[in-house]
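Take a look at the model below. We will go through a pocket and then a pair of packed helices.

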Amino acid sequence: VGSLVYFVCPIRFAHTATKLHGIMYTSLTCVCCRDQVLMVGSHADEVKGGEPVVRARCEAMAQAVHAELGRYRAAQEQELAELSSMQGRSAAADERVRKLERVLSQPLRLSPQAIAVSSKTGQGFDELREMILNAAFDKEAFPTFGSKQPGTYGAIHRKLLRCHTEESSV
């Protein structure tokens, strides 16, 4: 079963740090293969130029990250092809082939776009909430989400609701 991961980066820096985003997402592929990753640009209220600039920076961030992941995936496929064609591979090479096959067979499920938010103004949170719900109810990513849970989970949920009467933490 996969996880839902949020990658948050201040959108005010998105136009200068796109290579860094790619490197960070490349690192995520090593840890989060097959997981859902949502890109979130924070501090949207601090971007000079308003909504058009925020939207452009989100698009630039998403394009850069997807491009970097594409290059990284192509390099992994190339490495796998080279290792697979080797005869008399070492145990370490065999292990690397298995890891590459696993990662390539379960690619990171990266959101197609980045959502800009501001905790100061509340901007973008409705859109982010919708994106989270859509990701959570994706049966391919989370096949058991929304299904009946054992009674223990229900009991824990009820206790949490009793303990947090003002604002639910669930």
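By class, how many residues in the lining of the largest pocket are nonpolar, polar and charged? The model is predicted. In it, the lining of this pocket has six nonpolar residues, three polar ones and four charged ones.

The space in the largest pocket comes to about 230 Å³. The lining numbers 13 residues, and R55, C58, A114, A116 and E127 are the closest to the pocket's centre. Which element gives the largest share of the lining? That is α2, with six residues. Helix α2 spans 51–85, and strand β3 spans 109–116; each supplies at least two lining residues.

Now follow α2 to its packing with another helix. Two packed helices are described by the angle between their axes and the distance between the axes. For α2 and α3 (residues 91–105), the angle is about 140 degrees and the axes lie 10 Å apart. The pair therefore counts as oblique, because the cut-off for roughly antiparallel is over 145 degrees. The crossing of α2 past α3 is left-handed.

Which residues make the contact? From α2 come R73, Q76, E77, E79, L80, L83 and S84. From α3 come A93, R96, V97, L100, E101, V103 and L104. Sorted by class, the residues of this contact are seven nonpolar, two polar and five charged.

Terms used: Residues are numbered from 1 along each chain as its sequence is written. This is a predicted model: local features need pLDDT of at least 70, side-chain atom pairs count only at pLDDT 80 or more; totals for chains, interfaces and linings use all residues. Side-chain values use heavy atoms; hydrogens and water are left out. On a 1 Å grid over the protein atoms alone, a cavity is a set of points where a 1.4 Å probe fits but cannot get out, and a pocket is an open set with protein on both sides within 12 Å along at least five of seven lines; lining residues have an atom within 4 Å of a point. Grid points are joined across faces, edges and corners, and a volume is the space filled by probe spheres set on the points. Helices (H or I, at least four residues) and strands (E, at least two) are DSSP runs, numbered from the N terminus. Ala, Val, Leu, Ile, Met, Phe, Trp, Tyr, Cys and Pro count as nonpolar, Asp, Glu, Lys and Arg as charged, and the others, Gly among them, as polar. Axes are lines fitted to C-alpha atoms, for helices over the stretch in contact, and angles run from 0 to 180 degrees between N-to-C directions. Angles under 35 degrees count as roughly parallel, over 145 as roughly antiparallel, 65 to 115 as roughly perpendicular and the rest as oblique. A crossing is left-handed if the near helix is turned anticlockwise from the far one by less than a right angle, and right-handed if clockwise. Contact means heavy atoms within 4.5 Å.
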